[in-house]
Amino acid sequence: MVAARAAEEVLQSLLSRRLIFVTGKGGTGKSSIAAALALLAAGAGKKVLCVEVDAKGDLARALGGEPVGFAPQVLQPGISALALSTEESLQEYLRIYFKIPRLVRLTPLARMFDFIATGVPGIKEMLVIGKIAYEERRVEKGAPVWDIIVVDSAASGYVLPQLRAARSMMQLTRAGMLRAQTEWVDQVVADPARTVLTICALAEEMPVIEAIELQHLAREQAQVAVAACFLNRVFPIPLTAGDAAMLERAAADSEHLEARLGGPVGPLLEGVRLARRLRAESERYAHQLRTRMRAPVIELPLRPDMPFGLARTRALAAAIAGRPS
Amino acid sequence: MKRVATSRSRGVLATLARHQVIVCCGSGGVGKTTVSAALGIGIASAERKRVLVLTIDPARRLATALGLRSLGTRPVGISGSRLRRAGVDTRGEVAAAMLDMKSEWDRLVERHAPSAAVRDRVLNSPFYKGISDAFVGAHEYMALEALYNFHAGGEYDCIVVDTPPSRSALDFLQAPDRLVDFVGARLLGLLAGPSRIGWKAIDLASAPFVRVADRLLGTEMLADLAAFIRDFRGLYEGVRGRAADIYRLLRSDQTAFAVITTMEEESLAEARFFSSRLREYSMPLRAVVVNRVLPAALRNARALHAATTLAEDPDIADWFSSQLDGTVRPDSPRRLGLAFLALHEMAERQASLESRLEGLPGVPIARLPLARTEIGNLDMLGELARALQGA
């Protein structure tokens, strides 16, 4: 129950923010976790925007939809989603601030901006983060369009350049319109009451190392607060060495044991050894994360019975909230 | 179908060993680095060859296993006696090297800059510092450049390269083109201006671009950027020539591409995407390696029955107690049963995705078992290398 209450507290603290970035090493389940947070926010009555930065369509699929485009699309009650593209962000930016109508891809002006965007370090990142900050500030009829924005961000290696884009830009631009704009974007990102980063990991060496390193770098280089770390796909059955030893002792008389169980004991022993390994790794890495992360660590169980999709996202949401699913 | 799968699995190592460059691709988290190392060891053990494993960002234990202690592009040999202790009887030699991105970029500038003055200005520019991490495809290009240099050096018979964890497969394939475009863009030249004070001299057609850029970035930054771009463009001829060489090598028969995947929806989708892109780039896929395959024993139907007895039979704990003349924790059999059932579900899910492999071109497929230990030591690599040999 203590664990459930702790999970509830972490969740409430996350949902009190305006912008949640979800990152982690590739393959750690970022999209599913971002989708689960969106379901939880919508469940709390919030108007949610999900933003997919890497645009593989996984976030939309985790919410039971087909891949989305640059225009927000409703995927679940209270949840809209969009996939970011640098080019469309740029065109939108030019439309809003320069009253330049939508450009055909290969007009010289668009191409020049393509090159500025590739050439000036951080412009692409700035467009990503700028679009997100723009959505955060959007107001219609006196009310914010979105209560909360959940970003399925780039993998951990790429997320920092995005988060610190505004800050780096401020060092390069001393005047011009961009200078003023980077300032407000930086204010949004660096405000821990509004914006937080959450990091996903698996019980494996590299994802855990990346999570721990990212926590330090996020604070030092991007001034972004890390609010939670999700240890995903924890092997769910707490097998002990004693459990395995019992089966092995009984297997000394395998004929007798097989007669009682109604099946061969060899595969059982093989499975139990593997399960012990997976469980021991889950526990070891959970411990390592707990001692080395300042942010709370939330363990999410492996759901071998569920394929990737909305049902699994719902189960994940329940686990994040500390509720049985 | 089963027969086809078996005959396919035999050929991976033999197929790849015919090439001098093996590029391992796949989505993040599938164990690319580990598989690349195992492929290198497997090839060296099967044939009398000098093999180099070129890694990007290995896990620490794996780096230690390969004998790589610090960052640096200098290859380090793995001694034959260490390999033999790990159960690998090598006829060839294996070395490993790790890429250091920062020094690779510096080397690129040093190699291609037209003069020492330009080289120093580029290396000291604040834009350069940003570009080396911000440019999409930089890591990918640098990996290819290093690969090319090792290949041209001729010291190794076979180079296995582990690709960086790209945001997308395309980043990797497009990296050389993209760098050439980036360095040589005509419009970037326009932005650079005809000279240091030449903004006003730009022809009328381009004036609006410069006006917008000026308003956006501020005159001062635009001038700094223009100066940097002028210098950076000096690298163009060198980079263009090198990129063409790299593509030629990747498209030649000397190179083989291998896709690494796990039996999970996301990585299988990525593998399929990658293989179709490779075809577009005329860089044929030669092999598929499926990593972390669960043992077939987990799908044994009678074992499933036995596990269900453990998990559900209310009298089973008492039975164990009576057999073992001692106290058995009453929930122990249930946990054992549930653990097996969970793994059984995982193995069934993997098996249900088997048909997705058929979407890949008809190349040999190797299946590597989920290793007995996670620890990336040489023993584990040896175990995987033996699995690749189908021994």
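At what angle do helix 9 and helix 14 of chain B pack, and how far apart are their axes?

## Helix pair in chain B

Helix 9 (residues 138–153) and helix 14 (residues 236–251) of chain B pack at about 75°, with axes 10 Å apart. Axes are lines fitted to C-alpha atoms over the stretch in contact, and angles between N-to-C directions run from 0 to 180 degrees. Helix 9 of chain B is therefore roughly perpendicular (65 to 115 degrees) to helix 14 of chain B.

From helix 9 of chain B, B:Leu144, B:Glu145, B:Tyr148 and B:His151 meet B:Arg242, B:Asp245, B:Ile246 and B:Leu249 in helix 14 of chain B. Contact requires C-beta atoms, placed from the backbone, within 7 Å. By class, this contact has 4 nonpolar, 1 polar and 3 charged residues.

## Model and numbering

This is a predicted model; local features need pLDDT of at least 70, side-chain atom pairs need 80 or more, and totals for chains, interfaces and linings use all residues. Residues are numbered from 1 along each chain as its sequence is written, with chains lettered from A and ligands numbered from 1 in written order.

## Chain A

Chain A has 14 helices and 10 strands. These are DSSP runs: H or I of at least four residues, and E of at least two. Of its 325 residues, 50% are buried, with 20 or more other C-beta atoms within 10 Å of their own.

Helix 6 (residues 123–137) and helix 9 (residues 177–189) of chain A cross at roughly 70°, their axes coming within 10 Å. The two are therefore roughly perpendicular. Their contact divides into 6 nonpolar, 3 polar and 1 charged residues.

Notes
Parallel < 35°, antiparallel > 145°, perpendicular 65-115°, else oblique. Contact = placed C-beta atoms within 7 Å. Nonpolar A, V, L, I, M, F, W, Y, C, P; charged D, E, K, R; others polar. Buried ≥ 20, exposed ≤ 12 C-beta atoms within 10 Å, placed from the backbone.
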